[in-house]
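Here is a quick tour for anyone opening this structure for the first time. Have the model on screen and follow along.

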Amino acid sequence: MAESLQNLVDSIVAATPGLPTPGTLAQWRPTLSGDLPIQIRSNGDWEHEGDLIRREGLIRLFASILRREEDGHFYLVTPVEKWRIVVDRHPLQAIDCDCVGCNGSSTWYALLNTGGRCQLGGNNRLCIAGDSGEPYTELPNGLTAQLTRPAWYRLVEAASIEDDLAFIVSAGERIELGGID
């Protein structure tokens, strides 16, 4: 690991007692520390100075302190530091979806490439990008997760159809997937 990346990890570990909750992360307001040469590619790869970050634990750590602010930029944030990074499209990917429960009281969850899970629906709206037609879900702190093909196909396979419209129901909320031809 490059020395500058190790220094960043050391400062994060020193400033952050455990992984923050999304609510805790939203409350931190440090001033901008600068730009980091970290980029999240559209395929979900994380790179530092053009080299692929291969340590899954490191990616999970960074993802836990990532947020998008009103200026549209993405930042790695601790209580005392804020580093701007580059994100090509969506910072996270939903690599699979699963349904918990049955008989009308089921809830759909997306499994993220960083190991987390998020409920679909409610604050985590499922959206379809107008320009590309790609599905994604909104997450806390201004983040989004693109649904991969396997995740999207899992939802489509489970969808109900009514009036030429495909949908799923998650935690009592009807979530439309789109029209069918």
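Which residue in β11 is the bridge partner of Cys 127? That partner is Tyr 136. Before going further, a word on the ground rules: this is a predicted model, where local features need pLDDT of at least 70 and side-chain atom pairs count only at pLDDT 80 or more, while totals for chains, interfaces and linings use all residues. Residues are numbered from 1 along each chain as its sequence is written, and side-chain values use heavy atoms, with hydrogens and water left out.

**Strands and hairpins**

Strands here are DSSP runs of E with at least two residues, helices are runs of H or I with at least four, and both are numbered from the N terminus. Two strands pair if DSSP finds at least two bridges between them. Strand β10 (residues 126-128) runs antiparallel to β11 (residues 135-138), and three bridges join them. Six residues sit between the strands of that hairpin, and Gly 133 takes a positive phi near 75 degrees there.

Now carry on along the chain. β11 is also joined by three bridges to β12 (residues 144-147), again antiparallel, and Thr 137 has Ala 145 as its bridge partner in β12. This hairpin has five residues between the strands, with Asn 141 at a positive phi near 60 degrees.

Next stop: the loop between β13 (160-162) and β14 (165-170), where you'll find Asp 163. Asp 163 isn't a glycine, yet it has a positive phi of about 55 degrees. Asp 164 lies in the loop between β13 and β14 too, and has a positive phi of about 60 degrees, again without being a glycine. With exposed meaning over 50% relative accessible area, buried under 20% and partly exposed in between (1.4 Å probe, protein chains only), Asp 163 counts as exposed at 73%, and Asp 164 is exposed at 54%.

**Rings**

Rings of Phe, Tyr and Trp (its six-membered ring) pair if their centres lie within 6.5 Å; planes under 30 degrees apart count as stacked, over 60 as edge-to-face and the rest as tilted. That rule gives one aromatic pair: Trp 46 and Phe 62, stacked at 6.3 Å centre to centre with 25 degrees between the planes. Trp 46 lies in strand β2 (residues 46-48) and Phe 62 in helix α3 (residues 56-64), so the pair ties together parts 16 residues apart in sequence. Both Trp 46 and Phe 62 are buried.

Charges can sit over rings as well, if NZ of Lys or CZ of Arg is within 6 Å of the ring centre and within 35 degrees of the ring normal.

| Charged residue | Ring | Distance to ring centre |
|---|---|---|
| Lys 82 | Tyr 75 | 4.7 Å |
| Arg 174 | Phe 167 | 3.8 Å |
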